[in-house]
Amino acid sequence: MNSDSRRSEAGEWIWFEKKADNQTVYLRTTFDLIGKVQSASVSASADNQFTLFVNGERVMSGKAWEQLETADLTSHLKEGKNVFAVQAANQGGIAAFTLRADVTRRDGTETRVVTSGKWKASPAATKGWKTAGFDDSQWSQAVSLGTVGEKSLPWSGRINAQAFVNAADAGKGDFLPQPVAGAQTMDGFKLERLVYVPRQMGSWVSLTTADNGTLIASDQGKAGLYRITPSVDGGESKVQKLPVKLSSAQGLLWAFDSLYAVVNGGEQSGLHRITDTDGDGELDTAEHLKFIRGGGEHGPHAVILSPDKQSLFVCCGNHTELPDPISDSKIPRNWAEDHLLPRRWDANGHAAGKLAPGGWICQVDRDGKDWTVYSMGYRNEYDIAFNADGELFSYDADMEWDLGSPWYRPTRVVHATSGSEFGWRSGTGKWPTYYEDSLPPSVDIGPGSPVGIVFGYGAKFPAKYQRALFILDWTYSTIYAVHLSPEGSTYRGKKEDFVSAQPLQVTDATIGTDGALYFTAGGRGTQSSLYRVTYTGDEPSDAIDASDEAGKADRQLRRQLESWHGENQASNREPLDQIMAQLGNQDRFIRYAARVALETRPVDSWRNRLSELDSAWAIISGVIAISHQGSNSDRELALTMLASVGNKNLDPAEELGALRALQLIFTRLGEPTNAERRAVIAALSPLYPSDSDAINAELVQLLVYLDDPTVVDKTLSLMDNLGDEPAPDWGYLVERHKGYGGTVGKLLENMPPARGIHFAFMLRNQKSGWTLQSRRKYLQFFIDASDFPGGNSYGKFLSQFRDDALLLCSPTERVQLEDLASVSLMQAAPKVEPPKGPGRKWTRQEALPLVTNLRKRDLAKGRDLFHATSCAKCHRLGGEGGAIGPDLSTAGRKYPLPDLLDAVIEPSKAISDQYGSEKILTTDGDTLVGRVVRIDDKLHVYTIDADAEPKVIDEDDVEQIAPSKLSQMPTGLIDTLNEEELKDLIAYLLSGGNRKDKVYK
């Protein structure tokens, strides 16, 4: 039976003849089967919920009418008489149930069972009603409300004949390709959805290509691993679950005739190898090669093959511990935070206490035994990829709560060379990209949520896109093509939008053996799909040599230096001459590689040779090296060396390098003596302020550290004359991207004084040089800055900085400053009218038809309702609101509408680990449930009461902490809304507060 004929055979929506609210009814039908069953599947839906029994056995249930539930019936059916028995419930409003079952016998003949008026119905269950032999002659005939797909029925927008065809195919693992409405692609490219993933297959977050041309995907949760045979020439894609008890893989790789998987969290967390042990062509056995302690969205992630195809590379986010043991490290293991002045942890406690190395990349042997630290200093790099030159790249995450602050770092593509450090440090501690002891990005992307990346090698695309690095952004539902060009021994990138839609919560991508780009969408339990991008244009798409001749000599020099990285090279003194010669190379990546190679060797082998260094960069590199690896007795040598560069005509980059080297002298080699302090102040104070914002940013913290009494007046004067804050370097990218709105859009329209905040942050540590007038001026800055929009932590950071500064005031001064110190720096909620109602207990089933295809809604009313329903107490949108829950400014782009409604109506259904609650048992026997934020040695517990202050507990007073399955968000928040108010609120969430969104047209 072909798909077209099946498409025309739809069942009916049925119910008991006397419908009532909050009603439970019982439905059944019997049917005979002649011959053995080869395969069988069933799909069903109910408004509002149902449970299906087949021959007395519970088979499946459903709670959402717009989602067809599907189950395999093969083992439940028998020759002879069979029965379908259904318990269905209605929570209010219209009620109905529909079902279709497809049975194939061993002789190839097929039988279909569908709901119709011939089914029996009853308002009560009687003993034996689930069995085939039950006498249902006293039951009523079911009432038909119409055929599935009829335009007059409220369910037809989601549940129609084609949906049943797709579900029947899904039950057999077969899926027909579908076009994607509303998607944007580059000219000449075609996007199609191959698999609309059934809920029982989970939400796919990783994808790889196997050697036989199939694809393998993993659910983020516990639904397992799946092999996909992609559609050919418009035919069906086939999906088969792998017979291994493994899931939650955020990294997949086919290599060495095996499937490698990086499982995220739990007892199985870490690297696994899955093999075919019986030679039948199917993977059947999983071997846990290495446990990695970590989990959640910042846990263990990707695994890829090395360029020489002899080893693996694994990357993990900043909430993941390095494996134990580590065999080797390309970067010396004495990494540190290297902050001259005290940092502040995130004001909402995210990643509080997390220290270097942060996110990391390791090189691993094929058996998962030997692990070598290769690169570090990431926030949350989800994936990694090698280019055709054998160079490694990654796509690192931002901290969106930092928006508006001087330490905010956008998502960015980085060139992850051997021994590289990218300077992520928690809270305010993130290093500027110009710090010489780290490396800069290849290109800043902007706000977002980085997930999978893949180069276009093997794709049947035009040459430009075969060379491109495709990076996926979950938050903004976009795949970017990043075009990398050699620049010395590294690369510079430019991005362009390649594929986008709303929503299209992309997760991972791979190039298939057929030359197509495949990618998954899903994550956080949302509706998942598999997509394919092919090129149908006129440009040549023959395979090219994607390697670059430009920069080859520089890369070879850098790689030669990198070959001397690692603890196994420590005793190799032969290359010292070559290493020393490159410490002053004008190429930052080359001199970085040289310095790491130098630091790998015992300091006694090269300390005396530092006097040979002559150029500014060579001296700066030498000072950083001796600061990292020397002892307190080397501080005088380091200061003398650095003083010598003052005689050279430094350019701004060299000056920044020298200032960073000076900081490292004090953080690593000890505090200066009084004489050294006076000498450094005498050298630096005349230079401050300079014409460079970056140089001023480093001078101010050095002078505050040294307690220069002139720094207060100089800095306050500088802050007065900064002028309007310039847009960030990535601002122009945002202007071209319609998806950016909400918090980001408001911020770009009214940029917070990030430079001023940096100066204020540093001055909070200054002890001398204050007058009452200067202190008042300083505190007024915080009040003025609080009027600007920013990320979730913005207002709390300002409050913390002010509190720190007040600790250095005398009691008399604190009394004199009370009028300024008592002003709240948190944005006040606007005055809004309460909902008019009348409300109801909203369900997704009732809400979805009302809020589908919204148009001409009222933005102002939606914003008022966002506050009136208490959403804004925990969530931000458009720069307004609280910080306990996620920022909702991009919710409309990354969540399909049914999933968005679930998050509002059933908040505990899917909870991000970043916002999950925990159950705390104290040593006194008290129990608290709420979101736990760790700040220093105390736990701040935010309970379900959004108006309550957090409860603060000493960590020593905690007996036990366990995850809670309940969301922080209470249910029923929207139950005060009437239909029109619900439409305006959902439109506001979908639009992210963007008045140009289609919901307002």
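I took helices (H or I, at least four residues) and strands (E, at least two) as DSSP runs, numbered from the N terminus.

**Entry 1. Basis.** I worked on a predicted model, in which local features need pLDDT of at least 70 and side-chain atom pairs count only at pLDDT 80 or more, while totals for chains, interfaces and linings use all residues. Residues are numbered from 1 along each chain as its sequence is written, and side-chain values use heavy atoms, with hydrogens and water left out.

Entry 2. I searched for cavities on a 1 Å grid over the protein atoms alone, a cavity being a set of points where a 1.4 Å probe fits but cannot get out; lining residues have an atom within 4 Å of a point. Grid points were joined across faces, edges and corners, and a volume is the space filled by probe spheres set on the points. The whole structure gave 7 cavities of 30 Å³ or more. I sorted the lining by class, counting Ala, Val, Leu, Ile, Met, Phe, Trp, Tyr, Cys and Pro as nonpolar, Asp, Glu, Lys and Arg as charged, and the others, Gly among them, as polar. The second largest cavity has 8 nonpolar, 3 polar and 7 charged lining residues.

**Entry 3. Salt bridges.** I required a side-chain nitrogen of Lys or Arg within 4 Å of a carboxyl oxygen of Asp or Glu. The structure holds 46 such salt bridges. For accessibility, I took buried as under 20% relative accessible area, exposed as over 50%, and partly exposed as in between (1.4 Å probe, protein chains only).

I looked up E436 and found it in a salt bridge with R591, the closest N and O atoms being 2.6 Å apart. E436 lies in the loop between β33 (420–421) and β34 (443–446) and R591 in helix α6, so this pair ties together parts 155 residues apart in sequence. Both E436 and R591 are buried.

R344 pairs with D804, with 2.7 Å between the closest N and O atoms.

R609 is partly exposed at 21% relative accessible area, and E612 is partly exposed at 48%. A network of salt bridges links E337, R343, E421 and R425.

**Entry 4. Sheet.** I counted two strands as paired if DSSP finds at least two bridges between them. An open sheet of 5 strands runs in the order β14-β16-β41-β40-β39, with antiparallel pairing. Its edge strands, β14 (178–179) and β39 (506–511), each pair on one side only. Strand β16 (residues 189–196) is joined to β41 (residues 529–535) by 7 bridges. Within β41, R532 is the bridge partner of E192.

**Entry 5. Cysteines.** I searched the whole structure for disulfides (a pair of cysteine sulfur atoms within 2.5 Å) and found 0. The sulfur of C362 is 7.6 Å from the closest cysteine sulfur, in C316, too far for a bond. C362 is buried, with a relative accessible area of 0%; C809 is buried, at 7%.

Key
On a 1 Å grid over the protein atoms alone, a cavity is a set of points where a 1.4 Å probe fits but cannot get out, and a pocket is an open set with protein on both sides within 12 Å along at least five of seven lines; lining residues have an atom within 4 Å of a point.
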